[in-house]
Amino acid sequence: MSASSSLKRTAIGAVFAAAMLALCPSQAQQNTLKVVMHSDLKIVDPIWTTAYITRNHGYMIYDTLFAMDAKGDIKPQMVGKYGVSADNLTWTFTLRDGLMFHDDKPVTSEDVIASLKRWGAKDSLGQKLMSFVKEMKPADAKTFTISLNSPTGLMLQALGKPSSNVPFIMPKRIADTSPNEQIKEYVGSGPFVFKADEWKPGDKAVYVKFAKYRARSEPASGVAGGKLAKVERVEWRWIPDAQTAVNALVAGEIDMVEDPLNDLLPALKKNPSVKLFDGNPLGNQYTFRFNVLHKPFDNPKIRQALFYAFNQEDFLKAVHGEKEFYQVCKALFPCGTPLSSTRGMEDKYESNFKKARELLQEAGYDGTPVVLMHSTDLTVLTNLAPVAKSLMERAGFKVDMQSMDWQSLVARRSKKDPPGAGGWNAFLTSWVSADVLNPVGAGFLNASCDKAMFGWPCDEQMEKLRDTFARETDAGKQKAIAEQVQQRLIEYPTHIPLGQWKKPQVLRKNIDGNVVAPVTVFWNVTKK
Amino acid sequence: MWNYIGRRILATLPVLLIVAVLVFLMLRLTPGDPAAVIAGDAATSQDVAEIRAKLGLDRPVVTQFFIWIGRGLQGDFGESFFYKKTVASLIADRIEPTLALATLTIILATLIAVPLGTLAAYRQGSWIDRIVMGISVIGFSVPVFVIGYVLIYVFALQLGWFPVQGYQRLADGFGGFLHRLILPSITLAMVYVALLARMTRTSVLEVLNEDYVRTARAKGLPNLKVLVFHALRNAAVPIVTVIGIGIAVLIGGVVVTESVYNIPGLGRLTVDAVLARDYPTVQAVILLFSFAYVVINLAIDLMYTVLDPRIRY
């Protein structure tokens, strides 16, 4: 090729590129953060659903009375000062000065009480808290009291609950909506305002900075502290194709991908224009859930066998590969959290098939096949069921693994029918660690029979322990009770925790200030 | 003619009714429960049951069908289970990207494929013919998503000439609108170029040996005129049929391209709705697709009379 023809080609290319660029809208949007979240925002009522994307939306536009910081401690957020009477029966809270809703109206005690009532009717921890509540009443516009029938250690843990359902504060007129109806107005007092007129489901959700937000003076920590919005606008762009999302990030069209595919992480690590951010070190916890209504898992001893047959490494490695993205954690509550303990778990999770077989024999396992539901469309779950099947078969179980998409699994798991008639015996799922921090909040520990979550464990002793935990106000004693709960789980397994995993977020290098928290939040984030 | 059009339009009614019944039943028979999806992972069975009741999903299927069809006849296709927006407004939001992509694809494919196919027929057996047919085979064989990713890698990531993804509405500027549609349209057009070029070649070959073409040549008409006005026009009926079917397929079947290029069109709406078991949205979109098929088929039939005056209805 001659030098002149090469030059000609380059020139043509340059002219073409310039023409194409001229067609582009301006890219100088330094104050707009464009992010791809883990899911499309479909529902915008964070009390109506427990979906994590809706919870994240809640953190954008609403504020909370209390919040959990990076150390796991509960800190006041909207509350300025608070106190409890000597008999632990009356709590008094005063809101900070200057708190405003996005419609320019001040946040009042009545708004708070209405919001807590709606949340308390829907959320499991909220329901538990409300079972202690005698009365909630405003003392003045900014002060309110909560009177209890008996003392509880749940008050601050519940009001500062970081994950679904979060007790977000809404205006009374909105919070008065029945908890079984979706709200129709999206007015909060958080650091961002939801632009409902720009919300295009399946495409984007838009938030703009709330200029009148009164941030706390402390630095941002977890979901607590100063929530300073440092960009004018945040756009959640929904890009369902993981490869396209990453391509858009590399090309600079997107600033952040919250949930990149594991397969793409090695390539992204080498890319000079992006960086990985470990935003949620506690991550998530895998879980094997039993249905105790039907054979063979109606027998606790048969369920115990799986504590011996399983080992966490096989599950975690099958999905996440690299060790930096997972952690073996032989504990009921996530490692690195206050109630976590390995007590009683020392000889578990060793794939001791001999011991598992002995237990099956003692329990009189008759070879009834286990219908194991296998979710095939969520990459963080797909490889789990085949690992479980293999380990269970080596322990002597017969396993009928049935593959289906996640939504089919979600529908089927709520059926109490026998496995042969459309029901099920077991499936695997994952919890955000922040959802399973204590015996009351961890939904799978609920063993209240028909009222329990799908799987319907029924154990009076477990329920007593959970109730004792809820009544205990001393943190040290709570820890001891949590260990008893773990011991009871080993005797009466409602589920089997299978270790922790996390995924880094991927950001353009010009994005900074992201907060380490169990929820992806956008206050404090800057774009240079 | 008008009688024929009237009859055809009336004939769409039973077609749409059958589609409505089938879609409604298939959705109800498919495993999955929108209430469980809405409730989220931490919901109890009671939560799910309450949502089912709220959505009316606890009623008998027959009752649900008649409520839906009754409202549908009044033009009300209900509200999405998830978005709390009317299905009509969701479709209105998504129809522009799909129509834009389909239109540009068909224009590109027609402008490229018809001349290529005609040329291949005119030069049958030559290297031009072999190249055109070779390209056709590639267009058929390579999956659309592979073409899409390759084009993105070369023209968006390496050369930076086009954006990787996204759609800009026509109202926000024609330049940006076109700029964002070029790569997706080329990606989709590859398949249709292959199909259309082969169809054009075959049809033109058939008429090239006809007496009227020989007569035209004998009269001393230039080759181009013979090809365009005598050969191509008489070969047009099957070509127009393929183009028409292409439009219909593109309106409902561009899911992969919409996903790869992140275009919020009807295809993606359908897939999202199916995955979430958003019954009202799926039902309305499928009905819309069926209606589009029927209308496009009617338009093709009417087009025949323009292309070939011997055809009368």
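Predicted model: local features only at pLDDT ≥ 70, side-chain atom pairs only at ≥ 80, totals over all residues.
User: How many residues of H9(A) are buried, and which are they?

Analyst: A residue is read as buried when its relative accessible area is under 20%. Eight of the ten residues of H9(A) are buried, so the helix is largely enclosed by the rest of the structure. They are Ile302(A), Arg303(A), Gln304(A), Ala305(A), Leu306(A), Phe307(A), Tyr308(A) and Ala309(A).

User: Which residue caps the N-terminal end of H9(A)?

Analyst: The cap is Asn299(A), which has a side-chain oxygen 2.9 Å from the backbone nitrogen of Lys301(A).

User: How many residues of helix H2 (residues 52-61) of chain A are buried, and what do they pack against?

Analyst: For H2(A) the count is ten of ten, so this helix too is largely enclosed by the rest of the structure. The buried set includes Tyr52(A), Arg55(A), His57(A), Tyr59(A) and Ile61(A). Its packing partners in chain A are strands E8 (192-194), E9, E10 and E17 (426-432).

User: Where is Val223(A), and is this residue buried or exposed?

Analyst: Val223(A) sits in the loop between strand E9 (204-209) and strand E10 (233-237) of chain A. Val223(A) is buried, because its relative accessible area is 0% and the limit is under 20%. Setting aside residues up to four places away in sequence, Val223(A) touches Tyr59(A), Ala67(A), Met68(A), Gln77(A), Pro162(A), Ala517(A), Val519(A), Val521(A) and Trp523(A). Tyr59(A), one of these partners, is also among the buried residues of H2(A).

User: Turning to chain B, how many helices and strands does it have?

Analyst: Chain B has 14 helices and zero strands. Its C-alpha atoms fill a box of roughly 85 × 55 × 35 Å along the principal axes. Of its 313 residues, 49% are buried. Among its contacts with a separation of 6 or more, 74% join residues 24 or more positions apart.

User: At what angle do helix H9 (residues 211-218) and helix H10 (residues 223-234) of chain B pack?

Analyst: The angle between H9(B) and H10(B) is about 165 degrees, and the axes lie 10 Å apart. That makes H9(B) roughly antiparallel to H10(B), because angles over 145 degrees fall in that class. Their crossing is right-handed. H9(B) contributes Tyr212(B), Val213(B), Ala216(B) and Arg217(B) to the contact, and H10(B) contributes Asn223(B), Val226(B), His230(B) and Asn234(B). By class, this contact of H9(B) with H10(B) has four nonpolar, three polar and one charged residues.

User: How does helix H13 (residues 266-276) of chain B pack with helix H14 (residues 279-307) of chain B, and with helix H5 (residues 87-122) of chain B?

Analyst: H13(B) and H14(B) pack at about 145 degrees with axes 9 Å apart, and the crossing is left-handed. Residues including Leu266(B), Leu269(B) and Ala273(B) of H13(B) meet residues of H14(B) including Val282(B), Ile286(B) and Phe289(B). H5(B) and H13(B) pack at about 135 degrees with axes 7 Å apart. That makes H5(B) oblique to H13(B). Leu90(B), Ile91(B), Arg94(B), Ile95(B) and Thr98(B) of H5(B) meet Leu266(B), Gly267(B), Arg268(B) and Leu269(B) of H13(B). By class, there are five nonpolar, two polar and two charged residues in the contact of H5(B) with H13(B).

User: Where is Arg277(B), and which residues does it touch?

Analyst: Arg277(B) lies in the loop between H13 and H14 of chain B. At 6% relative accessibility, Arg277(B) counts as buried. Beyond residues up to four places away in sequence, Arg277(B) touches Asp405(A), Gln407(A) and Ser408(A), as well as residues of chain B including Thr30(B), Asp33(B) and Phe82(B). The side chains of Arg277(B) and Ser408(A) make a polar contact at 2.9 Å. Arg277(B) and Phe82(B) are 195 residues apart in sequence, yet their C-alpha atoms are 9.5 Å apart.

Definitions and conventions. Residues numbered from 1 in each chain as written. Chains lettered and ligands numbered in written order. Heavy atoms only, no water. Axes fitted to C-alpha atoms, helices over the stretch in contact; angles between N-to-C directions. Helix = DSSP H or I, 4+ residues; strand = E, 2+ residues; numbered from the N terminus. Parallel < 35°, antiparallel > 145°, perpendicular 65-115°, else oblique. Left-handed = near helix turned anticlockwise from the far one by under 90°. Contact = heavy atoms within 4.5 Å. Nonpolar A, V, L, I, M, F, W, Y, C, P; charged D, E, K, R; others polar. Buried < 20%, exposed > 50% of the residue type's maximum accessible area, 1.4 Å probe, protein only. Polar contact = N/O pair within 3.5 Å; in protein donor to acceptor, adjacent residues only side chain to side chain.
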